[in-house]
Amino acid sequence: WMASLTGVFDGTPARAADPWARPDLPAATVENARWQSGVPLGGMGVGKVELFADGAFARATTNHNWDRDTGLLRDAFFAVAARGSGDWQGRLLRLFPEGEYDGVEKPHGTRFLGLFPRAWLSFQDDRFPLEVRLAAFSPLVAESADDSSLPVALFRVTLHNPSFSAASARLAFSWPNLVGFGGQRGISWNPVFGNQQQPSTTGTLEGLRFDSTQSRSGIERNVQGTHFIGVDSGA
């Protein structure tokens, strides 16, 4: 019940603006740690998922499951592979991968800045040929409940080549199909059998649509729905 999107990049994208440049912000950063909570991403009143300081995702409540969040989402992560002057190298962009993947390389360190509804992550690894940064946010528009209630989270991964040699990179995003996971106080269910993923395109977004072949009744209809992850091919 997991699917992934993979993008291939050649060249050296421009470096994104440095959120740590302001002199009043470094004291708010979290380095090489995972705290008990992260920055919630998602529209007001429509559920959220938290991005933790080490790059992990957790506590999704996008299926009306506020009383029973998902906990740590082990199959949700960004990963990057790059090749400079040597062989390809890969990194799972999460500092504490919990041992669920054998032989997986991870960054040596992370630096996190969370200012709701935005978050920035910088991954440190001297052996990796590229510098990798992740920026995340959800719309929160003053005096606009409609725009602030959009059930979306947006991510931008910046790859910077600090050398004068050419480099190639591949970026992947993995996300579990959570349709069917839910519950409320005293009741829980997660019948994810029947879940499926299909290629989907809407506008300039190309990705995967998550749904389920199951038919539910009563209160369990709360966990029905369709989820979508996509890459903006027009960016």
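Of the 235 residues in the chain, 40% are buried, a figure that, like every value below, comes from a predicted model. The secondary structure comprises 17 strands and 1 helix.

**Asn 63 and its surroundings**

- Asn 63 sits in the loop that runs between strand 5 (57-58) and strand 6 (77-83), and because its relative accessibility is 4%, under the 20% limit, the residue counts as buried.
- The side chain of Asn 63 makes two polar approaches that can be inspected in the model: one reaches the backbone oxygen of Phe 181 at 2.9 Å, and the other is a polar contact of 3.3 Å with the side chain of His 227.
- When neighbours within four places in sequence are left aside, the residues in contact with Asn 63 are Leu 178, Val 179, Gly 180 and Phe 181, together with Asn 222, Val 223 and His 227.

**Pro 176 in strand 12**

- Pro 176 belongs to strand 12, which spans residues 168-176, and its relative accessible area of 2% is under 20%, so this proline is buried.
- Although Pro 176 and Leu 73 are 103 residues apart along the chain, their C-alpha atoms are separated by 7.8 Å.

**Backbone geometry to check**

- Most residues other than glycine have a negative phi, and most peptide bonds are trans.
- His 64, which is not a glycine, has a positive phi near 60 degrees; this histidine is placed in the loop between strand 5 and strand 6, and because its relative accessible area of 43% falls between 20% and 50%, His 64 is partly exposed.
- Glu 143 likewise has a positive phi, of about 65 degrees, without being a glycine; this glutamate is found in the loop between strand 10 (131-137) and helix 1 (145-148), and its relative accessible area of 87% is over 50%, so Glu 143 is exposed.
- The peptide bond leading from Phe 116 to Pro 117 is cis, with omega near 10 degrees, and Pro 117 itself lies in the loop between strand 8 (109-115) and strand 9 (118-124).

Conventions. Residues numbered from 1 in each chain as written. Predicted model: local features only at pLDDT ≥ 70, side-chain atom pairs only at ≥ 80, totals over all residues. Heavy atoms only, no water. Helix = DSSP H or I, 4+ residues; strand = E, 2+ residues; numbered from the N terminus. Buried < 20%, exposed > 50% of the residue type's maximum accessible area, 1.4 Å probe, protein only. Polar contact = N/O pair within 3.5 Å; in protein donor to acceptor, adjacent residues only side chain to side chain. Contact = heavy atoms within 4.5 Å.
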